Amino acid sequence: MGGMCGYLGWISGATDNAIYPTLFLEYVTSVVGNKQEMSFFHRFALISLLTVVLSLLNYRGLEIVGKASLLVCVVAMSPFVLMTIIGAPQVVVERWFQMPEEPEDGSSLFDDAFQTSPGPLPLLGIAGIMWRPYLNNLFWNLNSFDGAASFAGETTWATDYSQSEWVDGHLGQVAVDIGGEWLGAWTIFAAGISNLAMYEAELSSDSFKLMGMAERGHLPKLFKTRSKYGTPTNGIILGTVVIIIFGCADFGQLLALLNANYAFALLLEYAAFVKLRFYHKDLQRPYRIPIPDWASVIL
């Protein structure tokens, strides 16, 4: 079970990592040109080149990744602070209570066919909310500490734009309307490099996860190999190859695959947590959640 959980966790991590170069490209094309004009080959080539360059940086060690992430944190948050300050006087309170649009089928709100394909949940539901893509995005956004920032681009009725215009990379245009071209450029830059920083952090985590599984005998010993910088060489290479392959997919497809694998891995972790609480009470733990055993099931 430990090996299965690790495998599912790594697959979800690699899928998640394939999202960030794609999002970075979406932000760049929203400024320099129409993404619909880019051919599949050009898009795949740009994503592959970006992925390889970032992986080489990751290969150089955790210290570089950590220091770069701190710098990116400051740069990425600064335009949002400015947008809040500059945009506060422009707030229209009545918009807070407006409900989402209610199109006939909801398909006009998406720029790819995958999001509107048949599924177990209907596309439209109560109050015109597209529950299937909404829950899919909600699950992804709340997986990590960056939940609040991830919702920034999903805000509806904060401007005069319709709901259908809020697509990938649209946040930059909103920043232009609030503060001008300089704030729009700053926001695009901040959003872009934040995706790159998240890529670096995720790749480090995933490659070390493979190394840990190899050390426990769940994977071949070749994944235990470290570079002269202390990084898991083969884990980084495998992760890079998988990310490049997944780069062919659309954002919605990556999101669905990521959530499916992550959900299964999470269920295994929760099941192990409950079993340890009930059947291995005396097992030495670095930390014990201060709740009764029955509450662990609810948690």
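Predicted model: local features only at pLDDT ≥ 70, side-chain atom pairs only at ≥ 80, totals over all residues.

Trainee: Okay, at what angle do α2 and α7 pack, and how far apart are their axes?

Mentor: Helix α2, which covers residues 40–59, packs with helix α7, residues 181–215, at an angle of about 60 degrees, and their axes lie 10 Å apart. The two helices are therefore oblique to each other, and α2 passes α7 in a right-handed crossing.

Trainee: Which residues meet there?

Mentor: From α2 the contact uses L50, T51, L54, S55, L57 and N58, and these meet L196, Y199, E200, L203 and S204 of α7. Sorted by kind, the residues of this contact of α2 with α7 are six nonpolar, four polar and one charged.

Trainee: Switching to S207, which helix is that in, and is it buried or exposed?

Mentor: S207 belongs to helix α7, and its relative accessible area is 1%, so S207 is buried.

Trainee: And what does S207 touch?

Mentor: Leaving aside residues up to four places away in sequence, S207 touches P232, G235 and I236.

Trainee: How many residues does α8 have, and how far does it reach?

Mentor: Helix α8, residues 233–246, has 14 residues and reaches 20 Å from its first C-alpha to its last, which is close to the 20 Å expected at 1.5 Å a residue.

Notes:
Residues numbered from 1 in each chain as written. Heavy atoms only, no water. Axes fitted to C-alpha atoms, helices over the stretch in contact; angles between N-to-C directions. Helix = DSSP H or I, 4+ residues; strand = E, 2+ residues; numbered from the N terminus. Parallel < 35°, antiparallel > 145°, perpendicular 65-115°, else oblique. Left-handed = near helix turned anticlockwise from the far one by under 90°. Contact = heavy atoms within 4.5 Å. Nonpolar A, V, L, I, M, F, W, Y, C, P; charged D, E, K, R; others polar. Expected span 1.5 Å × (residues − 1). Buried < 20%, exposed > 50% of the residue type's maximum accessible area, 1.4 Å probe, protein only.
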